[in-house]
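Colleague: I'm new to reading protein models. Could you walk me through this one, feature by feature?

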Amino acid sequence: MLLLRHVVVRSSSTTIGKWKTLSTRMGFEPTRAEHNGLAVHRLNHSATSSHGPALYRSYSSLPVLPPSALKMVDSQYYLPNDIGISALDCREAFQLLSPREKMYSHYLSRAAWYGGLAVLLQTSPESTDIFVLLQRIFRKQTPAQLEQVGVAAGLNPEEYQAFLVYAAGLYANMGNYKSFGDTKFIPNLPKDKLKALVWASQAFQEKPSDMEALWDSCAPLLYSLETRQKQLGLGDKGITTYFSGNCALEDAELAQRFLDSQNLSAYNTRLFKRENGGKACYEVRLASAVQKDCATEGECASRCGDFTFEGKDFQVKRGDYAPLMEKVSHYLQQAQAHAANDNQRRMLEEYCRSFTFGSVDAHKEGSRYWIKDKGPIVESYIGFIESYRDPFGSRGEFEGFVAVVNKAMSERFAKLVSSAEVLLPQLPWPRDYEKDTFLKPDFTSLDVLTFAGSGIPAGINIPNYDDIRQSEGFKNVSLGNVLAVAYATQKDKLTFLEEDDKDVYIQWKGPSFEVQVGLHELLGHGSGKLFVKDDKGKFNFDETKVTNPETGKLVSTWYKGSETWDSKFSTIASTYEECRAECVGLYLCLNKEVLGIFGYEGQDAEDVVYVNWLNMVRAGLLGLEFYTTDSQSWRQAHMQARFVILRVLLEAGEGLVKLEEVTGQDGRTDARITLDRSKIHTVGKDAIRRFLCKLQVFKSTADVEGGRALYEGYSAVGDTGAHNFLRLRDTVLLRKEARKMFVQANTNVHGDSVELVEYEGSASGLICSFIDRFNDTAEQLEADLLELNKKDAPCWC
């Protein structure tokens, strides 16, 4: 999926800016599912070697970092007061809906928002308590009313604004770690000032003991920037609540083998390890409203129970996020009464079964009906979708979206779908490595009404289930109103480009990204075949004839039984797939037919190609922000993918891409990246063709060892070779710009009509939208969240 962060695309297999960064996702942060996402996403197997491919060297005298730059690393952990916050405009699209479609949208949105709260519990031990603390404060006093309290408590205007920005950031990211990059952020005001504000609030005055207990529960971690708590990760590499605190990589690998042996998906699970008489025991917890582990009414059979696997005890249990899953199921049942057709009704019925009993099989069945629901006016998807933020890469983060079709833009994507069967053979791998039949998907441009989760991508390709995508189909969506807001660029804030490039970049960034999103989602995530030998010994390819184009020998490796792309390639699956999809976009955007579909010819077409490639190499440099030096690992799938592509194009040589370290006009370190447009169609195309073919061959043949060696080699960030990427990372951090946050509307039912409630594009507007969103069930909801978090608290020690 193409996710939007800086320059980003997402897929479920979750993205692209709105002109979505995994599915699941483009980071274009939302493609693969995001997204599959970004991706996302948390790559403890990243390369530790600094010896990657030889790179083109071009740099001037290297300036020394001035004292003013010494605090730049700390800036990663704050959200600036001037961070961009924009309202997503969906009024026109919503008003064109019929009363029945509006009611359908409303109940789907309610299901998405309540399910999205599970992300708090999926992010960090403290996220849920911080969320409840903020909800209680702002339910009693609006941001405007609280400002006077803040002044009286000793906060200056900048400090109060920093508090509002932090609150907005927690809501927008559904936790206190950035959804794009997985870095922790803390309030940019002194802890004693924040405590004084909490103590002076009306919420505290009314229930001092409750508020003090809530503060005490989250305050120790609220400001903590101990090394392990700076980013998400597994074991000593970071924080995760997908696994108990005593789990390490070997526990995740063991659990995956167990799940594969039981034909269970990890998507809706978490793993908790405990000691019993000196023996390790594992609890696999399924997300479900029902908490009984035996088969119950409405269910054929339970997958729960006690098992022994490789000498270890496993227990599969239900009930994770139970009160939230109950709400999701309730609102999906309400939506069924307003569905437009039988496919939608059957889809929602299966989703309800999934969230009630914790069945991924039911969600897959619902996804099949979703694929069959062609061209709906109101499009939606909901569930545990993108695996970007699971450090092992198998567990899905909850997300749900509801959006309305933009008919004009959707016509362009429909033309691209119609051309797919002509374009796919042009990809640089043998015919045997492509799906037997291209299953034409829906590809629509949507205006988002609701996107609940940790972030909003620019584009999505879903579902992420390999077996469904390969044999039954998928859908692609581009999120138009997200793209429109995300790609507004100010020239004075455009970093690392030559002045001569900035005007053409600003003019064509949006249109070029629209092309890239389309290609990334449809022909990137939608292309390629996985070679499989099923449990009955049947191959989906001719193992006696198909050869590996890299070696010339017969294919000797493939996926077996219940193995999937995510389970096999685990920690690199998301970013590897995003890289493959991005490369498809770069490669096919050189095709005149593709450019013509989007209405570009002549010089305009050449400018679109140039800016698309320039945007990619610049994004590769910006990606260094998402590399953690302490653990030598990447925190964001899409940005790692773009850095890899930058390395490939630098390695191509012949002056195609030049990267220089320079001194900026402000006297501080800077960098310049340039792209020779005359060599894109020759040197550039050939480099991407060779690399893309290797990526596909390793993926198709389940060659994890070869794929890891290739991908992690290009992912290495070192201080030797043609470019000192570690030093360039310092420069990127020095000049980084915070990602935008989005304010979304709410809907309210009045009799037989549905009202759209909009908010201003500001921190206050974002906060008010979340208070209104859950106001009708606030006290019970907050009690449920606190109880869920309290139950898990011993697991994080």
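**Strands, cores and bridges**

Modeller: Let's start with a sheet: β4 and β6 pair in the parallel sense over 6 bridges. Two strands count as paired if DSSP finds at least two bridges between them. Strands (E, at least two residues) and helices (H or I, at least four) are DSSP runs, numbered from the N terminus. Within this pairing, Tyr282 stands opposite Phe314 in β6.

Colleague: Before we go on, what sort of model is this, and how are things counted?

Modeller: This is a predicted model, where local features need pLDDT of at least 70 and side-chain atom pairs count only at pLDDT 80 or more, while totals for chains, interfaces and linings use all residues. Residues are numbered from 1 along each chain as its sequence is written, and side-chain values use heavy atoms, with hydrogens and water left out.

Colleague: And what pLDDT does the chain average?

Modeller: pLDDT is the predictor's confidence in each residue, from 0 to 100. Here the chain averages 88, and 90% of the residues score at least 70. Watch residues 4-73, though: pLDDT stays under 50 there.

Colleague: Back to β4. Is the strand buried or exposed?

Modeller: Buried means under 20% relative accessible area, exposed means over 50%, and partly exposed is in between (1.4 Å probe, protein chains only). In strand β4 (residues 279-287), 8 of the 9 residues are buried, so the strand is largely enclosed by the rest of the structure.

Colleague: In which sense does β4 pair with β3?

Modeller: Strand β3 (residues 269-276) pairs with β4 in the antiparallel sense, over 8 bridges. Thr269 stands opposite Leu286 in β4. The two strands make a hairpin with 2 residues between them, and Gly277 in the turn has a positive phi of about 65°.

Colleague: Which residues other than glycine have a positive phi?

Modeller: Tyr321 is one of them, with phi near 55°. Tyr321 sits in the loop between β6 and α11 and is buried, at a relative accessible area of 2%. Met174 is another, with phi near 50°; you'll find Met174 in the loop between α6 and α7 (191-200), and this residue is buried too, at 3%.

Colleague: How far does helix α11 reach?

Modeller: The expected span of a helix is 1.5 Å times one less than its number of residues. Helix α11 (residues 322-336) has 15 residues and reaches 21 Å from its first C-alpha to its last, close to the 21 Å expected. Its buried residues include Leu324, Val328, Tyr331 and Leu332.

Colleague: How do I read a nonpolar core?

Modeller: In soluble globular proteins, nonpolar side chains tend to be buried together. A nonpolar core is a set of buried Ala, Val, Leu, Ile, Met, Phe, Trp, Tyr and Cys residues joined through side-chain atoms within 4.5 Å. The largest one here has 118 residues, and Leu117, Phe131, Phe138 and Phe163 have the most contacts inside it. Helix α6 (residues 157-173) gives the most to this core, with 9 residues.

Colleague: What does Phe138 touch?

Modeller: Contact means heavy atoms within 4.5 Å. Not counting residues up to four places away in sequence, Phe138 touches several residues, including Phe163, Tyr171, Ile767 and Ile771. Apart from this core lies another, of 99 residues, with Leu530 and Tyr576 among them.

Colleague: How many salt bridges does the structure hold?

Modeller: A salt bridge is a side-chain nitrogen of Lys or Arg within 4 Å of a carboxyl oxygen of Asp or Glu. The structure holds 44 of them. Take Arg110 and Asp776, whose closest N and O atoms are 3.6 Å apart. That pair links distant parts of the chain: Arg110 is in helix α2 (residues 99-116) and Asp776 in the loop between α27 (763-773) and α28 (778-792), 666 residues apart. Arg110 counts as buried at 8%, whereas Asp776 is exposed at 56%.

Colleague: Where are Arg368 and Glu365?

Modeller: Both lie in helix α13 (residues 360-372), 3 residues apart, about one turn of the helix.

Colleague: Last one: where is the cis peptide bond?

Modeller: The peptide bond from Ile462 to Pro463 is cis, with omega near 5°. Pro463 lies in the loop between β10 (459-462) and α16 (466-471).
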